Amino acid sequence: NDLPLNIFALGGRWTIGAESIHLEKAPGEIVYRYSASAVNLVMAPPHGRTVRAEVTLDGAPVPDGFLGSDVTRANGKTIVRIDGDRLYNLIDAKGKYGEHTVRILFLDPGVDAFAFTFG
């Protein structure tokens, strides 16, 4: 991975605003290389809809020891469903800190992403 630590990259068609980014068309992705134990992202779906996103860690589905509370397994993939305006827990390594790359691949358009937080 050639992404520098603590830097994120976007893929797809996004509109960048003052406080958030908005996915205009699916698919779209956010990739972030971090050093932490937990990764959270504040997101909001379009009004009345749910946005699905596949979450991977270091290029593979999120392993059990890293699975955030908002991420579930479906057909061998690790998925988050963005169904309200809130903070989503994507990665939780239960206090084990390390450098990793998280990728959030949005399968539906219209999501707004606001801020990452780390633990």
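This is a predicted model: local features need pLDDT of at least 70, side-chain atom pairs count only at pLDDT 80 or more; totals for chains, interfaces and linings use all residues.
Student: Start with the core. Which residues of the largest nonpolar core touch the most other members?

Tutor: I30, M43, I82, L90, I91 and F106 do, in a core of 29 residues.

Student: And which elements give two or more residues to this core?

Tutor: Strand 2 (21–36), strand 3 (38–44), strand 4 (51–57), strand 7, strand 8 (86–92), strand 9 (98–106) and strand 10 (112–118) do. The largest share, 6 residues, comes from strand 2.

Student: Okay, charges now. How many salt bridges does the structure hold?

Tutor: The structure holds 5 salt bridges. One of them joins R33 and E99, with the closest N and O atoms 2.8 Å apart. R33 is in strand 2 and E99 in strand 9, so this pair ties together parts that are 66 residues apart in sequence.

Student: Is R33 buried, exposed or partly exposed?

Tutor: R33 counts as partly exposed, at 21% relative accessibility. The cut-off for buried is under 20%. E99 also counts as partly exposed, at 45%.

Student: What does D108 form a salt bridge with?

Tutor: Its partner is R52, and the closest N and O atoms are 3.0 Å apart. D108 lies in the loop between strand 9 and strand 10 while R52 lies in strand 4, so the pair ties together parts that are 56 residues apart in sequence.

Student: Where is Y88, and is it buried or exposed?

Tutor: Y88 is in strand 8. At 0% relative accessibility, Y88 counts as buried. Setting aside residues up to four places away in sequence, Y88 touches V39, N40, L41, M43, D70, V80, R81, I82 and D83.

Student: How far is Y88 from T15?

Tutor: They are 21 Å apart in space, C-alpha to C-alpha, and 73 residues apart in sequence.

Student: Back to rings. How many aromatic pairs are there?

Tutor: The count comes to 6 aromatic pairs. The ring centres of W14 and F106 are 5.7 Å apart and their planes are at 80°, so that pair is edge-to-face. W14 is in strand 1 (residues 7–16) and F106 in strand 9, 92 residues apart. W14 and F106 are buried. F106 is also one of the core residues that touch the most other members.

Student: Which residues do ring pairs link into a cluster?

Tutor: F8, Y32, Y34, F116 and F118.

Student: What about T56?

Tutor: T56 lies in strand 4 and is buried, with a relative accessible area of 9%. Leaving aside neighbours within four places in sequence, T56 is in contact with P61, V62, T101, V102 and R103.

Student: New topic: how do strand 6 and strand 7 pair?

Tutor: Strand 6 (residues 71–74) and strand 7 (residues 77–82) pair in the antiparallel sense over 4 bridges, and V71 stands opposite V80 in strand 7. The two strands form a hairpin with 2 residues between them. In the turn, N75 has a positive phi of about 55°.

Student: Is N75 buried or exposed?

Tutor: N75 is exposed, with a relative accessible area of 81%.

Student: What is the phi of K94?

Tutor: K94 has a positive phi of about 50° although it is not a glycine. K94 lies in the loop between strand 8 and strand 9 and is exposed, with a relative accessible area of 53%.

Student: Which residues does a cis peptide bond join?

Tutor: A26 and P27, with omega about -5°. P27 is in strand 2. For background, most peptide bonds are trans, and most residues other than glycine have a negative phi.

Definitions and conventions. Residues are numbered from 1 along each chain as its sequence is written. Side-chain values use heavy atoms; hydrogens and water are left out. Two strands pair if DSSP finds at least two bridges between them. A nonpolar core is a set of buried Ala, Val, Leu, Ile, Met, Phe, Trp, Tyr and Cys residues joined through side-chain atoms within 4.5 Å. Buried means under 20% relative accessible area, exposed over 50%, partly exposed in between (1.4 Å probe, protein chains only). A salt bridge is a side-chain nitrogen of Lys or Arg within 4 Å of a carboxyl oxygen of Asp or Glu. Rings of Phe, Tyr and Trp (its six-membered ring) pair if their centres lie within 6.5 Å; planes under 30 degrees apart count as stacked, over 60 as edge-to-face and the rest as tilted. Contact means heavy atoms within 4.5 Å.
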